[in-house]
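Visitor: I should like to understand the protein displayed here. Please guide me through some of its parts.

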Amino acid sequence: MTAVPLWAWAATLAVLAVLIVVDLALTRGPENGLRAAAVESALWLGAALAFGGVLWLWRGPAIGSQYLAGYLLERALSVDNVFVFVLLFASMRVPAELQRRILLLGVVGALVLRGVFIAAGGALIESVSWIFYVFGAMVLLAGARMFRSGEGEPGNNLAVRGLRRVLPVTEQYDGRRLITRVDGRALATPLLVALVAIAVTDVVFALDSIPAVFGVTRDLFVVFTSNAFAVLGLRALYFLLAGSADRFVYLKPGIALLLVFIGVKMLLYDVVHIPIWASLVVIAVVAGGAVGASLWRDRRQRGRPGPGRQDDRAEHEVPPDRQPAAERRGPVRT
């Protein structure tokens with residue numbers, strides 16, 4: 001692994017901190033619509049690609065390509081996080097106006113935890129060479145498991161049950177507070193429970209995604225920065241996709257296929273050398289193909305008339321001036 005000077009780490013962390021502050025300043029309103037979420041997501045994508053360009057010029061095309069492949073992989077995997085967050089917020093009845101706060105705290109916590117995981121994983125690979133193949137097996141099994149598993153009950157996970165046993169939880173939210181006092185007793189609010197569930201969910205995903213990125217590059221700086229930009233764009237991606245999670249039916253099989261590909265690549269590392277550009281092409285084609293196929297299927301189903309639908313359309317047609325406004329897609333409401 002190539003050593004990166006401390007000033008580069010410090011400058012990168014400073015840039016990430018500035019981007020988080022700017023993101024907060026741009027989204028201070030109580031609620032943002034779909035257009036604002038799309039702009040915010042595009043800005044995070046632009047920032048990630050701009051950083052990749054700087055890395056390309058500074059450390060060369062090979063490292064720049066590794067960063068881009070790692071970022072695209074993490075970005076694809078993070079979409080699955082979004083859909084789990086949708087189920088979690090719905091199951092825990094988190095009000096729409098509080099979801100932004102939970103996601104902000106969860107994303108910052110996820111970034112710190114992933115930094116620890118990446119440092120530990122890099123140290124293990126350096127000191128125990130065969131651990132790389134263990135990571136490969138983990139990624140391969142994660143992909144196989146995703147092929148045959150459905151969604152669980154995200155609001156009912158072990159960490160949430162443990163928190164409820166250790167700390168009494170109120171039944172009602174108390175504004176933006178994580179801890180409240182009732183009759184002199186300190187009680188956790190459901191907001192704290194949701195935050196713990198988000199953090200634990202991301203840790204579970206990180207156990208699959210971080211080893212997968214090590215399958216693309218062993219450069220710790222590249223692994224961390226590709227993870228950081230993907231995770232920091234997760235909040236905007238949630239508000240962009242939360243209302244359309246059911247449309248991406250082929251995304252989970254696509255992500256599973258990517259994990260299987262990366263796992264096999266890691267296990268065959270000493271036998272078959274797959275160049276980084278080939279990995280980049282596979283990641284882009286599989287992820288883009290899964291999204292495109294999902295949207296194509298959704299469009300066909302929406303345009304397909306049901307039994308008797310054509311005959312009933314004229315009879316029940318509503319004049320344009322009396323039609324209700326279209327429902328806006330956005331965060332999960334309860």
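Visitor: How many Å apart are the end C-alpha atoms of helix α11?

Guide: This is a predicted model, in which local features need pLDDT of at least 70, side-chain atom pairs count only at pLDDT 80 or more, and totals for chains, interfaces and linings use all residues. Residues are numbered from 1 along each chain as its sequence is written, and side-chain values use heavy atoms, leaving out hydrogens and water. Helices are DSSP runs of H or I with at least four residues, and strands are runs of E with at least two, numbered from the N terminus. The expected span is 1.5 Å times one less than the number of residues, so the 28 residues of α11 (276-303) should span 40 Å, and this agrees with the distance between its end C-alpha atoms, 40 Å.

Visitor: Is S41 buried or exposed?

Guide: S41 lies in helix α2. Buried means under 20% relative accessible area, exposed over 50%, and partly exposed in between, with a 1.4 Å probe and protein chains only. Because its relative accessible area is 6%, S41 is buried.

Visitor: Which class of accessibility does V39 have?

Guide: V39 also has its place in helix α2. Since its relative accessibility is 46%, V39 counts as partly exposed.

Visitor: Which residues does S41 touch, not counting those up to four places away in sequence?

Guide: Contact means heavy atoms within 4.5 Å. With residues up to four places away in sequence left out, S41 touches R75, A236, L237 and L240.
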